[in-house]
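Please take a moment with the sequence and the model shown here before reading on.

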Amino acid sequence: MKIFGHRGAAGLVAENTLESITKALELGVDGIEIDVHRCKSGEIVVIHDETLDRTTNGTGKVSDYTWSELKRFRTIEGYSIPLLHQVLDLIDAKCTLNIELKGIGTALPTIEHLEKQIKSSRWSYDNFIISSFDHSQLVQIKAVTSKFRLGVLTEENIANVVQVAVQLNAFSIHPPISSLTKDAVTLAKKQGYQVFVWTVNTKPLILQSKSWNVDGIITDFPNFAS
């Protein structure tokens, strides 16, 4: 069972920051999950929410700010909002990177960015999983390339999105731990999909996930799983 640090190591260091990602790498994770939006000037920004309010000293929508403006904001701990290319440079293909498309219109700019990175660095297509709750963004990717591994995120039971996974020729399905059942995991794996479960934050749930043969967990506390 692979261990993915959720937004880096979000339970230990401020989420979706270079410092949080560094912590996850230090803990020896198999993968790191991050979230991306597109800002007003077009850059791909690593941040979870549509707005700045919860995680930074800024207010308003990420998409209303240029990158030069976003650079001024800080988390409570004093950390900066990173760009996708900064995260890629930091990880340097040391583990899998699961990029969740959060913002509208992030699909094609993100894969264009990744294509350039693959051509000029150690990264390969198999180092990435591109996931989203907005399955239409995954459809956009599938329409232009079959090289990236796609992950179908869901807040429901696995069985409810298997057909979506089939249509996308997806690599994986990402259900919440709250709706997970052993039978659903078996169903997905029989159909050839890997199962990555979010957000698994206690040792009993980690052990349960492992006993149900999930392929990986996404956790705020990768130290619990090490």
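A salt bridge, as the term is used here, is a side-chain nitrogen of Lys or Arg within 4 Å of a carboxyl oxygen of Asp or Glu. In this model, which is predicted, there are eight salt bridges. Behind such pairs stands a general point, namely that side chains of opposite charge can pair when their charged atoms come close.

One of these pairs joins the side chains of Glu15 and Arg7, with 3.1 Å from N to O. Glu15 counts as buried at 17% relative accessibility, and Arg7 likewise counts as buried, at 14%, since the cut-off for that word is under 20% relative accessible area. Another pair is made by Arg54 and Asp49, whose side chains meet in a salt bridge of 2.8 Å, N to O. Here Asp49 is buried, at 14% relative accessibility, whereas Arg54 is partly exposed, with a relative accessible area of 46%. These two pairs belong to one picture, for Arg7, Glu15, Asp35, Asp49 and Arg54 are linked in a network of salt bridges.

A further salt bridge is found between Asp92 and Arg122, where the closest N and O atoms are 3.1 Å apart. Asp92 lies in the loop between helix H3 (84-91) and strand S4 (96-101), while Arg122 lies in the loop between helix H4 (107-120) and strand S5 (128-132), so the pair ties together parts that are 30 residues apart in sequence. Of the two partners, Asp92 is partly exposed, with a relative accessible area of 25%, and Arg122 counts as exposed at 56% relative accessibility.

H4 has 14 residues and reaches 21 Å from its first C-alpha to its last, which is close to the 20 Å expected at 1.5 Å a residue. Its buried residues are Ala107, Pro109, Thr110, Ile111, Leu114, Gln117 and Ile118. An α-helix has 3.6 residues a turn, so residues three or four places apart point the same way. What covers the buried residues of H4 includes strand S2 (31-38), strand S3 (44-46), H3, S4, S5 and helix H5 (135-144).

Which residues does Ser209 touch, not counting those up to four places away in sequence? Ser209 has its place in helix H8, residues 203-211, and is buried, with a relative accessible area of 0%. With those sequence neighbours left aside, Ser209 touches Met1, Ile177, Val200, Val214 and Ile217.

How values were computed: Residues are numbered from 1 along each chain as its sequence is written. This is a predicted model: local features need pLDDT of at least 70, side-chain atom pairs count only at pLDDT 80 or more; totals for chains, interfaces and linings use all residues. Side-chain values use heavy atoms; hydrogens and water are left out. Buried means under 20% relative accessible area, exposed over 50%, partly exposed in between (1.4 Å probe, protein chains only). Helices (H or I, at least four residues) and strands (E, at least two) are DSSP runs, numbered from the N terminus. The expected span of a helix is 1.5 Å times one less than its number of residues. Contact means heavy atoms within 4.5 Å.
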